Amino acid sequence: MQASNSENPNYPELVRQIKDWARELGFADARISRAELPAEAGERLVAWLEAGYHGEMDYMARHGQLRVRPAELVPGALSVVSLRMHYWPAEAKSSDAVLANGNAAYISRYALGRDYHKVVRNRLQKLADRLAETIQPLGYRVFTDSAPIAEVALAAQAGLGWRGKHTLLLNKGQGSLFFLGELVTDLPLPPDESEAEHCGRCTRCLDVCPTGAIVEPYTVDARRCISYLTIELKGAIPEPLRPLIGNRVYGCDDCQLACPWNRFAVHTAEPDFAVRHGLDDVSLVELFGWSENEFKTRMAGSPIYRIGYLKWLSNIAVGLGNAPTSDVVIAVLMARADHPDELVREPTRWALARHGVEPG
Ligand code: SF4
Ligand code: SF4
């Protein structure tokens with residue numbers, strides 16, 4: 001049966017089509033929820049903001065309740081299609097091996113290839129285009145990792161998985177190593193059932209977090225989270241947290257790596273998420289030696305580009321401060337000990353002090 005171009009569309013059939021299109025476009029799954037969240041979602045967000053857990057992410061506070069009210073983002077919105085796309089490249093070197101090597105740089109496995117914002121957004125737009133060819137008029141907006149929408153809560157409500165104690169979405173059959181995206185629309189699509197949570201008594205993500213950022217189940221203090229500290233925070237990583245960060249220079253996967261459900265994690269089939277520039281297994285020394293030009297050329301099209309060269313060096317300096325002492329580590333740090341920018345100079349000098357060297 002066709003859902004197309006009818007004054008009275010067959011919405012269950014349309015949902016089946018949306019799910020087929022989503023899979024054709026490389027999404028692992030698509031599910032539907034109503035474009036509203038229960039009041040508790042808003043209360044949880046307010047409590048989190050009031051505790052200051054968002055750190056310097058002012059946009060979180062600015063958008064406030066908008067995040068939990070998708071209907072206010074799109075006039076007349078009735079439904080949200082939540083989608084997920086796997087990002088874990090099969091060829092990436094084992095995370096455990098890289099994390100155990102103090103001379104290597106650990107980069108979150110989602111950031112080894114091209115910028116997911118562009119890839120996921122582009123596919124969402126294609127999905128919306130197909131929908132708009134079938135149903136007119138169509139009011140919609142697409143989102144991926146965009147500030148104003150509570151995407152994990154919506155995805156959980158749609159039954160795409162459940163919100164784990166580390167606050168990310170988990171899928172029973174396929175783990176958590178995927179991106180989320182949303183298509184908010186004014187169509188009255190029949191919603192899917194939500195899924196029960198399956199964390200049970202497990203606390204592995206809380207136990208393993210290097211900085212104790214998961215302050216209680218389902219609550220992350222971003223100010224302690226390495227993903228925030230290495231990506232969102234504009235300044236240098238606060239000194240007390242530096243020794244805990246190890247060699248993680250862009251993002252952190254520890255809570256996901258420890259999660260038992262990720263034994264079912266699925267590799268990506270997306271060429272855009274394939275490892276570029278050997279970032280899955282590269283030394284801190286090599287990365288710290290990149291010129292600004294090299295950074296800009298190599299990281300063009302990567303999510304890493306967005307943090308900028310100076311923050312990149314600042315993070316790597318911290319990693320080098322935690323690396324085993326060696327002549328080459330000291331030599332590369334010395335070469336930047338008088339860097340004109342404080343964001344680089346200060347952690348570089350901190351790192352040298354960790355190796356017992358006074359730069360003078
Ligand atoms: S990403 Fe890393 S630092 Fe952040 S909560 Fe997970 S384990 Fe902790
Ligand atoms: S590690 Fe355990 S508690 Fe944390 S998200 Fe996974 S199943 Fe839930």
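This is a predicted model: local features need pLDDT of at least 70, side-chain atom pairs count only at pLDDT 80 or more; totals for chains, interfaces and linings use all residues.
The aromatic side chains were examined through the geometry of their ring pairs. In total, 13 aromatic pairs were counted. In one of them, formed by Tyr110 and Tyr116, the ring centres are 5.5 Å apart and the planes stand at 90°, so the pair is classed as edge-to-face; the cut-off for this class is an angle over 60 degrees. Both partners are buried: Tyr110 has a relative accessible area of 17%, and Tyr116 has a relative accessibility of 7%. The pair of Phe295 and Tyr309 has another geometry, with ring centres 5.8 Å apart and planes at 50°, and is therefore tilted. Phe295 belongs to helix H12 (residues 292–299), whereas Tyr309 belongs to helix H13 (residues 309–322), so this pair ties together parts that lie 14 residues apart in sequence. Phe295 is buried at a relative accessible area of 1%, and Tyr309 is buried at 9%.

The charged end of Arg84 sits over the ring of Phe178, at 4.8 Å from the ring centre. In a second case, the ring belongs to Trp350 and the charged end to Arg242, with a separation of 5.2 Å from the ring centre.

The shell around ligand 1 consists of Cys209, Pro210, Thr211, Ile214, Cys225, Ile226, Ser227, Cys252, Asp254 and Cys255. Two elements, helix H8 (226–232) and helix H10 (254–257), each supply two or more residues to this shell. By residue class, the shell around ligand 1 comprises 7 nonpolar, 2 polar and 1 charged residues.

The positions annotated in UniProt were considered next. An unreviewed UniProt entry lists Arg67, Asp145, Leu169, Leu180, Ser227, Cys252 and Asp253 under "binding site". These positions span 187 residues in sequence, and the farthest two C-alpha atoms are 24.7 Å apart, so the listed residues do not all gather at one spot.

Arg67 lies in the loop that joins helix H3 (58–63) to strand S2 (79–86). The residue is buried, with a relative accessible area of 15%. Asp253 is likewise a loop residue, placed between strand S10 (248–250) and H10. At a relative accessibility of 2%, Asp253 counts as buried. Once neighbours within four places in sequence are set aside, Asp253 is in contact with Tyr106, Ser108 and Arg109.

The unreviewed UniProt entry also places a "binding site" feature at Lys234. Lys234 is found in the loop between H8 and helix H9 (242–245). In contrast to the buried Asp253, Lys234 counts as exposed, at 64% relative accessibility. With residues up to four places away in sequence not counted, Lys234 touches Glu56, Lys311 and Leu343.

At 36% relative accessibility, Tyr305 counts as partly exposed. Apart from residues up to four places away in sequence, Tyr305 touches Phe295, Lys296, Met299 and Ala300. Phe295, one of these contacts, is the residue whose ring pairs with that of Tyr309. The C-alpha atoms of Tyr305 and Glu294 are 11 Å apart in space, and the two residues are 11 residues apart in sequence.

Asp281 occupies the loop between H10 and strand S11 (282–283). The residue is partly exposed, with a relative accessible area of 40%. Along the chain, Asp281 and Glu43 are 238 residues apart, and their C-alpha atoms are separated by 42 Å.

Technical notes:
Residues are numbered from 1 along each chain as its sequence is written. Chains are lettered from A and ligands numbered from 1 in the order in which they are written. Side-chain values use heavy atoms; hydrogens and water are left out. Rings of Phe, Tyr and Trp (its six-membered ring) pair if their centres lie within 6.5 Å; planes under 30 degrees apart count as stacked, over 60 as edge-to-face and the rest as tilted. Buried means under 20% relative accessible area, exposed over 50%, partly exposed in between (1.4 Å probe, protein chains only). Helices (H or I, at least four residues) and strands (E, at least two) are DSSP runs, numbered from the N terminus. A charge sits over a ring if NZ of Lys or CZ of Arg is within 6 Å of the ring centre and within 35 degrees of the ring normal. A residue is near a molecule or strand if one of its heavy atoms lies within 4 Å of it. Ala, Val, Leu, Ile, Met, Phe, Trp, Tyr, Cys and Pro count as nonpolar, Asp, Glu, Lys and Arg as charged, and the others, Gly among them, as polar. UniProt positions are given in the numbering used here, feature names are shortened, and annotations may be inferred rather than shown by experiment. Contact means heavy atoms within 4.5 Å.
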